[in-house]
Structures are given as structure tokens and as C-alpha cells.
Amino acid sequence: YVIYRWFLAMFYLFSFIFSFCTTIDRGELKVHFIYLTNWCMLANLIFTVLGAVLVTLHYFKRLKTDKMSTPLKTYWFLSIICSLYAILITFTYWAILYWKDNNTIDMNNVLIHMTNCLLVIDILVVKHKWNLAQFVWPLAFGCVFLGFSFVYPHLGGVNR
């Protein structure tokens with residue numbers, strides 16, 4: 001399980017770095033973080049690396065689990081946000097945006113829009129418990145992005 005966690009973390013590290021380098025190659029660095037997909041790629045990276053670190057600490061008996069520490073709360077928070085937005089981004093992009101923009105399928109497109117669903121498989125493996133009150137966190141994350149998306153163009157922001 002520790003190896004699986006580190007493999008997943010390294011995959012998302014590779015995906016984030018590849019996406020970031022692609023953005024630099026295209027000359028779009030100044031607009032990299034205006035897209036929800038890139039926000040979520042960063043959150044996925046933090047989530048998977050934090051998960052790998054926590055599992056490794058637990059394996060070596062260096063993690064106290066008698067109470068919810070800040071790293072465990074952060075992991076829980078990110079698991080809720082990342083799993084919901086992974087599904088949202090993948091289905092929204094491939095069902096609506098891909099056909100609208102006449103994009104091509106390249107490595108970057110697959111990494112940032114299709115592999116998000118790997119997190120859903122991870123959530124099923126880990127058996128996270130959910131309750132309806134936890135929906136407030138993805139909703140708050142979405143509201144922050146929506147607020148950013150509203151303010152950004154009014155402050156002179158551009159898209160590509």
C-alpha cells in the first residue's frame with residue numbers, strides 16, 4: 001500500500017510538472033492558474049504527496065492517530081475536494097469543452113483532463129467515509145474559483 005501511494009504521488013508530480021512545462025512552452029504561464037483544471041492538478045498533487053507521506057509515517061509507526069492532526073485534516077479536506085472535482089473536470093471537459101474548442105488529443109490533454117479520475121479509484125480503495133455535511137467544502141472551493149473567475153476579467157485578466 002505504501003508503494004501504491006508513492007506511485008500515485010509520483011504520477012501526479014509528473015503530471016503537474018508536465019502540464020506546467022507545456023504551459024511554459026506554449027507561452028501561457030501568466031494564465032496557467034486561471035483554469036479550474038490547473039487548480040485541481042495542484043490540489044491533486046498536494047493530496048497524493050500528503051497521502052503518501054502520511055501512509056509512510058503510519059507504516060513506520062511515526063504517526064499518532066489518537067486525534068485528528070492538521071495534516072490528517074488537510075488530507076481529509078483535499079480528499080473530498082479532489083475526488084468531486086476530478087469527476088467534474090473529466091466529464092465537463094470531454095463531454096462539453098473538448099468538442100466546442102476543437103482541441104486535439106495530446107499528452108497534456110490526457111494527463112490533466114482524463115487522469116483525474118484515477119483519484120476516484122483511489123477513494124474507492126481507501127474507503128473514505130462521506131456524509132452530506134462535507135459537501136460544503138467542495139461548494140466553498142467552487143465558490144472561491146467562481147469569485148476568482150468573476151473578478152479576474154474585471155481586473156484586466158486575459159484568456160491566453
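Modeller: The following answers go from the overall fold to particular residues. Please keep in mind that this is a predicted model.

Colleague: How many helices and strands does the protein have?

Modeller: The protein contains six helices and zero strands. Along the sequence, the pattern therefore reads α-α-α-α-α-α.

Colleague: What percentage of the residues count as buried?

Modeller: Of the 160 residues, 39% count as buried. As for the surface, the protein exposes about 10,100 Å², and carbon and sulfur atoms supply 73% of that area.

Colleague: Which share of the contacts joins residues at least 24 apart?

Modeller: The share is 78%, taken among contacts between residues at least 6 apart in sequence.

Colleague: New topic: charges. How many positive and negative side chains are there?

Modeller: There are 12 positive and 6 negative side chains. The centres of the two sets lie 15 Å apart.

Colleague: Now the aromatic rings. How many aromatic pairs are counted?

Modeller: The count is six aromatic pairs. One of them is formed by F11 and Y12, with ring centres 5.4 Å apart and planes at 85°, so this pair is edge-to-face.

Colleague: Why is an angle of 85° called edge-to-face?

Modeller: Planes over 60 degrees apart count as edge-to-face, and the planes of F11 and Y12 are at 85°, so their pair belongs to that class.

Colleague: Is Y12 buried or exposed?

Modeller: Y12 has a relative accessible area of 0%, so this residue is buried.

Colleague: What about the rings of Y59 and F60?

Modeller: Their centres are 5.0 Å apart and their planes are at 85°, so Y59 and F60 also make an edge-to-face pair. Y59 is exposed, and F60 is exposed as well.

Colleague: Where does K61 lie?

Modeller: K61 is in the loop between α2 (36-59) and α3 (70-101). With a relative accessible area of 73%, K61 is exposed.

Colleague: Let us move to helix α1. Which residues does helix α1 cover?

Modeller: Helix α1 comprises residues 2-25, and D25 is found in it.

Colleague: Which is buried and which is exposed, D25 or T22?

Modeller: D25 has 70% relative accessibility and counts as exposed. T22, at 12%, counts as buried, because the limit for buried is under 20% relative accessible area.

Colleague: And F7, buried or exposed?

Modeller: F7 is exposed, and its relative accessible area is 61%.

Colleague: How far apart in space are these residues from others along the chain?

Modeller: D25 and L97 are 72 residues apart along the chain, and their C-alpha atoms are separated by 22 Å. T22 and W94 are likewise 72 residues apart, with 20 Å between their C-alpha atoms. For F7 and F141, the separation is 134 residues in sequence and 27 Å in space, C-alpha to C-alpha.

Definitions and conventions: Residues numbered from 1 in each chain as written. Predicted model: local features only at pLDDT ≥ 70, side-chain atom pairs only at ≥ 80, totals over all residues. Heavy atoms only, no water. Helix = DSSP H or I, 4+ residues; strand = E, 2+ residues; numbered from the N terminus. Buried < 20%, exposed > 50% of the residue type's maximum accessible area, 1.4 Å probe, protein only. Contact = heavy atoms within 4.5 Å. Areas by Shrake-Rupley, 256 points an atom, 1.4 Å probe, with all protein chains shown as cover. Lys, Arg positive; Asp, Glu negative; His and termini not counted. Charge placed at Lys NZ, Arg CZ, Asp CG, Glu CD. Phe/Tyr/Trp six-rings, centres within 6.5 Å; stacked < 30°, edge-to-face > 60°.
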